[in-house]
Amino acid sequence: MANLKDIRKRISSVKSTQQITKAMKMVAASKLKKAQDGVVQARPYASKMSDVLASLAVRVKPGKHPLLQRRDEKKIELLVITSDRGLCGGFNTNVTKAADNFLREKKEGCEEVVMSVVGRKARDYYRRRNWEFKTEELNPGSTSFSQAEAIARPVIDRYVEGEIDAVYVAYTEFKSAMTQNIVVKRLLPLEPKTLAEDEVPVEYLYEPSEDALLADIIPRYIYTQMFSMLLESIASEHGSRMTAMDSATNNATEMTAKLTLLYNRARQAAITTELMEIVSGAEALN
Amino acid sequence: MESDKILLEIASPYRQVLNIEVDEVIAPGEEGQFGVLPGHTPFLATVTVGQLMYRQGNQMKHVAVSHGYAEVEYHRVIVLLDAAELPDEIDLDRAEKARLRAEGRLAELGHEDRDYYEELAALDRAMNRISIAKI
């Protein structure tokens, strides 16, 4: 029979843990709201950007810009996006698992894989596995377009210089607070869109020249993609932290109920024993 | 009324700024201002820091814009920008402070400094905001 004092201690410790998880859940919920807004707000820009690029790209020859050129994928780069902080359920392990699977798959076809990471969790995970990183960024739970640019620019440079032939990104796609998809998406080279059979490309006027515009827009488009990936990853992080903390809070409630029951039983047992002792003591006197 | 209106959509990475029907758009292109009336030929241009104006009826309105692109179709103008602000969103104090900061930095830097042009651009943006907020 567990000691009464021990059970009491357990109960109060579970309760204080619950307070923490509850608070974390609420913080995550409000951060999620903000991050979700960010994702939604960024969508019109991103989708229009890809429209503009698509309408531009169908009209130029594929070889015209280095970022539209496809090469054999001999050397590839994998960029893994996770969070800095833990306590968000399987969020980070899911991403690294997907990234590991991807690495295993690509091992045969490629000569070399280089790696970049965003987020402390990915960094620590792959550092333990003796990877070296081309780019290493933290992910403090909020982002800006300039951060996306700072991450994407060196990647683009490496691609243009021929150091790598393709770039993939492993991150979490945000669907809703409950559902998130882990995806490995190709960032570079861009998938050139093709026109449908009956579609006729509209003749455009350009200012400045077509080439100058293309050279300007394509990197921007990639920054935009990077930005939305970061936003989605962050929203997913808060979403999964919220769910994780919610279930932790529920578990704590369950546990307190169980422990309280145990405590009461132990208390009653103690009282019963005491009574028995008194009764038998009184009987012995008679 | 679709034939004589233009749908003007302005978006920055952080939000959709405008999505309205207008009669005319005048945007600061990199190679000079350009005006768009309904039925404009398809046109793609880079936009630079300045004022984008649009007309609704007799009313002319302004938006502070920074670098970006404008895609013009017959009855639609899509403007994608790094940042865009409507006049009533501009924080005049902040813009003034940004202007003073940029001016201060510029006074210290020489032409050959890398930051010089960044500061110049910052000054540009601040001045642009101030001038629009004061309209």
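**A walk around the sheet of chain A**

Start by selecting helix H2 of chain A, residues 91-109: this helix lies across strands E1, E2, E4 (166-174) and E5 of chain A, and runs at about 150° to E4(A). Keep in mind as you look around that this is a predicted model.

Next, select helix H4, residues 145-160 of chain A. H4 also packs on the sheet, where it touches E1, E2, E3, E4 and E5 of chain A. Its direction makes about 170° with that of E3(A).

Now hide the helices and look at the strands. In what order do the five strands of the open sheet come? In chain A the order is E3-E2-E1-E4-E5, with mixed pairing. Colour E3 (133-137) and E5 (180-188) of chain A: these two stand at the edges with a single partner strand each, so one side of each has no neighbour in the sheet. On average, neighbouring strands here are turned by 20° against each other, direction ignored.

Zoom in on E1 (residues 75-81) and E2 (residues 112-118) of chain A. These strands pair in the parallel sense, over seven bridges. Click on Lys75(A), and you will find Glu112(A) of E2(A) opposite.

Finally, zoom out to the whole of chain A. There are five helices and six strands to find. The C-alpha trace spans about 115 × 40 × 35 Å along its principal axes. Chain A has a radius of gyration of 28 Å, while a compact globule of 286 residues would have one near 19 Å. Of the 286 residues in chain A, 33% count as buried.

One last stop is chain B: its pLDDT averages 87, and 98% of its residues score at least 70.

Conventions:
Residues numbered from 1 in each chain as written. Chains lettered and ligands numbered in written order. Predicted model: local features only at pLDDT ≥ 70, side-chain atom pairs only at ≥ 80, totals over all residues. pLDDT = per-residue confidence, 0-100. Helix = DSSP H or I, 4+ residues; strand = E, 2+ residues; numbered from the N terminus. Rg over C-alpha atoms; globule rule 2.2 N^0.38 Å. Buried ≥ 20, exposed ≤ 12 C-beta atoms within 10 Å, placed from the backbone. Pairing = 2+ DSSP bridges. Axes fitted to C-alpha atoms, helices over the stretch in contact; angles between N-to-C directions. Contact = placed C-beta atoms within 7 Å.
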